[in-house]
Amino acid sequence: TQAHPVPQQIWPDDLAARYREKGYWRGETFGDVLRARVADHPDRLAVVDDRNRWTYADLLARATSAAGGYLSLGLKPGDRVIVQVPNIAHFFPAVFGLFLAGLVPVYALPAHRQTELIHFAKRSGARAMVIADRHEGFDYRPLARLVQAEVPDIAHIIVIGDAGDHVAFDSLRAGPALPQVDPSAVAFLQISGGSTGLSKLIPRTHDDYIYSFRASAEICRLTGDSVYMAALPVAHNFPMSSPGVFGALHAGARVVMAPNPAAETAFSLIAREGVTITGVVPPLALLWMAAAPRTPHDLSSLQVLQVGGAKFIPEAAARVRPTLGCTLQQVFGMAEGLVNYTRLDDPEEIITGTQGRPISPDDEVLILDDNGDPVPEGEPGHLLARGPYTIRGYHNDPAANARSFTPDGFYRTGDIVKRLPGGYLVVQGRAGDHINRAGEKVSAEEIEDHLLAHPAVFDAAVVSIPDEFLGERSCAFVIPAEGTSPRAPELKAFMRGRGVAEFKVPDQVVFVPEFRTTAVGKVSRNVLRAELRSRYLNKE
Ligand code: J2J
C-alpha cells in the first residue's frame with residue numbers, strides 16, 4: 001500500500017551489471033551464507049555469550065525454527081520486524097530466522113525508547129517486534145507494549161527469555177515451507193545516525209551488504225581461527241559489518257557477545273575466549289588503554305583493535321600498540337555504505353594519522369567544494385560516495401533523498417575530509433548539525449524539537465561542544481518563555497519523560513536571554529548554531 005511501501009534499493013542497470021561481473025554481488029542471501037558455513041564446519045563454535053555456546057549447526061537449526069515460527073504467526077515475506085535485541089547469542093537465530101523467512105529486520109538499539117521505536121515502526125510499517133525480556137537492568141517488555149499501543153499494526157511481540165503473555169521466542173517451531181529469498185531484495189533496514197531530524201531508515205540488500213562484510217573480513221584477515229568480540233551494541237553498523245559479527249561468521253570465525261563494553265567485561269572475555277579482534281569507539285579505546293596496565297587479565301590474544309565511529313586523535317592512536325600490544329585499525333564508515341580502513345600492514349603514520357581508505361576499487365569518492373566542484377588533491381572538501389554497497393536512497397523519505405543524494409546517485413555523507421596519496425582519507429569535520437557523542441550521532445534538530453515542547457522553552461538551539469572524553473557533547477542553548485525560569489535538571493527530566501534514548505538528553509543546558517545573531521531574515525538554524533557554538537567556546 002501507499003502508506004507502507006515495501007523497501008527497495010535500486011541501482012542503475014549498468015552499475016548493477018558491473019558489480020555482478022566483478023564478483024562483488026554474488027547472488028547469495030544471508031541464509032545461503034549460514035547454510036554454506038554449516039556445510040563446511042557444522043560443529044565449529046559460531047556464537048558465544050555468558051549463557052550459550054552454539055555451533056554453526058546449532059545456529060542454523062535455531063534460525064530455521066524461528067523462521068518457521070515467524071511465518072506460522074501469519075507474518076508474510078517482505079514484512080518488517082523491529083529487532084531490539086542486545087548483545088546476546090539469541091540475536092543470531094532471531095535475525096537469521098527473519099532472513100530465512102524473507103522477513104525484513106529493522107534494527108533498533110537497546111538504548112532506543114518509545115519515541116524512536118514508534119517512529120521506526122510507523123516509517124517502516126512494522127508488523128512485529130523481537131525483543132529480549134531484560135538486559136542490563138532494563139525491562140524491554142513494557143516498552144514494546146507501549147509501542148504496540150501506539151502502532152496497532154504491530155501484531156506480535158516476540159520475546160527472548162520470559163515472554164509473559166507475549167510470544168516466547170523459544171516456542172517458535174518450524175512450520176510452513178520457507179520462501180525463496182531474492183538476493184537483490186532489501187534484507188533489512190538499518191537506522192541512520194540522524195543528521196537532520198528523526199533517524200532515517202537505510203535499506204540494505206543481501207547482495208550489497210554481504211559484499212561489504214565479506215570484503216571487510218578479508219581486509220581484517222579473518223580466518224576460521226579468528227575470534228571476534230562484539231563490544232559495541234551489535235545493531236550498530238560498525239560491529240555488525242565492519243567486519244563485525246557477520247564478517248566473522250562469513251569467515252567461519254567465532255563471535256563473542258560482550259553484554260557491555262566496560263573494560264572489565266571486555267578484558268575478561270578477551271582472556272577467556274582468546275579474542276583476536278574487536279572494535280570500539282574512541283572514548284572506549286581511551287578507557288581500555290587506561291585500564292590495561294592494571295588488569296589481571298591476559299590480553300595477549302588480541303591482535304587488532306579497531307577504532308571508529310568518531311575521530312580518533314593521532315596522539316591517542318599512537319598509544320594503542322604500546323598499551324594494548326596489538327595493531328590499531330582505524331575505521332571510518334557509515335550505515336549508508338562507504339567504509340574505509342587502514343590496512344593492517346600500513347606504515348605507522350598511516351595507521352595513526354588517517355581514517356583509512358575505501359573497501360572497494362569500485363567505491364567512487366568525490367571531494368567537493370561548496371559549489372560542487374572538486375577540490376585540489378589534499379584540500380578538505382565535502383565527501384560524496386557511490387559504489388557497490390552504498391545506498392541510493394533512504395526508505396520512504398523523498399525529502400531526505402532529495403537532500404542527501406545527487407541526481408547521479410552519490411550519497412552526500414556530510415563529512416569534510418581530505419584525501420592523501422593512495423586514497424587515504426583524513427576526517428576534518430562535518431558540514432551537518434549533528435553531535436557525534438562517543439560515536440552516537442544525535443541530530444541537533446531532533447533535540448531542539450523535544451525541548452520546544454516544554455512550556456517554559458521559548459526557543460532552543462543545540463550545538464556540539466568538544467569534549468575531552470566523549471569527543472563531542474551536546475549543549476542546548478535555551479531562551480526561557482516569558483515569566484518562566486526553567487532549570488537544567490527539569491528540562492533533562494522532561495526529555496527523558498518523552499521516551500528518547502538517554503544519549504539524546506543534552507549534556508549541558510545554557511540559558512540565554514536571546515539569540516543575538518548576525519543572520520538576517522529567515523535565520524538559518526545552521527548559522528545560529530555556529531554562532532552560539534563559537535560564542536560558547538570563546539566564553540564570551
Ligand atoms: C571520524 N568520523 C567518523 C571515524 C564514522 C564502521 C565504522 C563506523 C561507522 C559509523 C560504521 C569515523 N572518524 N573513524 O557504520 O560500518 C562519523 C562520520 C560518518 C558517521 C557515520 C561502520 N567513523 N564517523 O559510525 O552511520 O561522520 O556509522 O559519516 O553511525 O560517523 O555514522 P554511523
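# Reading a predicted model, feature by feature

Me: Does one start with burial, and does Glu 136 count as buried or exposed?

Reply: A residue is buried if 20 or more other C-beta atoms lie within 10 Å of its own, exposed if 12 or fewer, and partly exposed in between, with C-beta atoms placed from the backbone. Glu 136 counts as exposed because it has 9 C-beta neighbours inside 10 Å. This is a predicted model, in which local features need pLDDT of at least 70, side-chain atom pairs count only at pLDDT 80 or more, and totals for chains, interfaces and linings use all residues. Residues are numbered from 1 along each chain as its sequence is written.

Me: Where is Glu 136 found?

Reply: Helices (H or I, at least four residues) and strands (E, at least two) are DSSP runs, numbered from the N terminus. Glu 136 sits in the loop between strand E6 (134–135) and strand E7 (138–139). Its phi is positive, about 50°, although Glu 136 is not a glycine.

Me: What is the phi of Arg 221, and in which loop does Arg 221 lie?

Reply: Arg 221 has a positive phi of about 55° and is not a glycine. The loop that holds Arg 221 runs between helix H7 (206–219) and strand E12 (227–230). Arg 221 counts as partly exposed, because 16 C-beta neighbours lie inside 10 Å.

Me: Which residues does a cis peptide bond join?

Reply: Ser 242 and Pro 243 are joined by one, with omega about -15°. Pro 243 has its place in the loop between H8 and helix H9 (244–250).

Me: At what angle do the axes of H2 and H4 cross?

Reply: Axes are lines fitted to C-alpha atoms, for helices over the stretch in contact, and angles run from 0 to 180 degrees between N-to-C directions. The axes of helix H2 (residues 30–40) and helix H4 (residues 91–100) cross at roughly 115° and come within 8 Å.

Me: Which residues of H2 and H4 meet?

Reply: Two residues are in contact if their C-beta atoms, placed from the backbone, lie within 7 Å. From H2 come Phe 30, Gly 31 and Leu 34, which meet Phe 96, Phe 99 and Leu 100 in H4. By class, this contact of H2 with H4 has five nonpolar residues, one polar and no charged. Ala, Val, Leu, Ile, Met, Phe, Trp, Tyr, Cys and Pro count as nonpolar, Asp, Glu, Lys and Arg as charged, and the others, Gly among them, as polar.

Me: Which domains does the domain assignment give?

Reply: Domain bounds come from an automatic or database domain assignment. Here that assignment gives domain 1 (30–181), domain 2 (197–432) and domain 3 (434–537). The centres of domain 2 and domain 3, taken over C-alpha atoms, are separated by 28 Å. Their contact takes 10 residues from domain 2 and 10 residues from domain 3. On the side of domain 2 that touches domain 3, six residues are nonpolar, three polar and one charged.

Me: How many residues has the largest nonpolar core?

Reply: A nonpolar core is a set of buried Ala, Val, Leu, Ile, Met, Phe, Trp, Tyr and Cys residues joined through C-beta atoms within 7 Å. The largest has 140 residues, and those with the most contacts inside it are Val 81, Ala 94, Val 106, Met 129 and Met 229. This core lies between domain 1 (30–181) and domain 2 (197–432), because both give residues to it. A second, separate core of 21 residues includes Ala 460, Ala 476, Leu 491 and Val 500.

Me: What does Ala 94 touch?

Reply: Leaving out residues up to four places away in sequence, Ala 94 touches Ala 66, Val 83, Val 85, Val 130, Ile 160 and Phe 169.

Me: Which residues come nearest to the ligand?

Reply: A residue is near a molecule or strand if its C-beta atom, placed from the backbone, lies within 6 Å of it. Of the 24 residues around the ligand, Asn 237, Gly 308, Gly 333, Met 334 and Ala 335 come nearest. Helix H8 (237–241), strand E16 (327–334), strand E21 (411–419) and strand E22 (425–430) each supply at least two residues of the shell. E16 gives the most, with five residues. By class, the shell has eight nonpolar, 12 polar and four charged residues. Domain 2 (197–432) and domain 3 (434–537) both give residues to the shell around the ligand, so the ligand lies between them.
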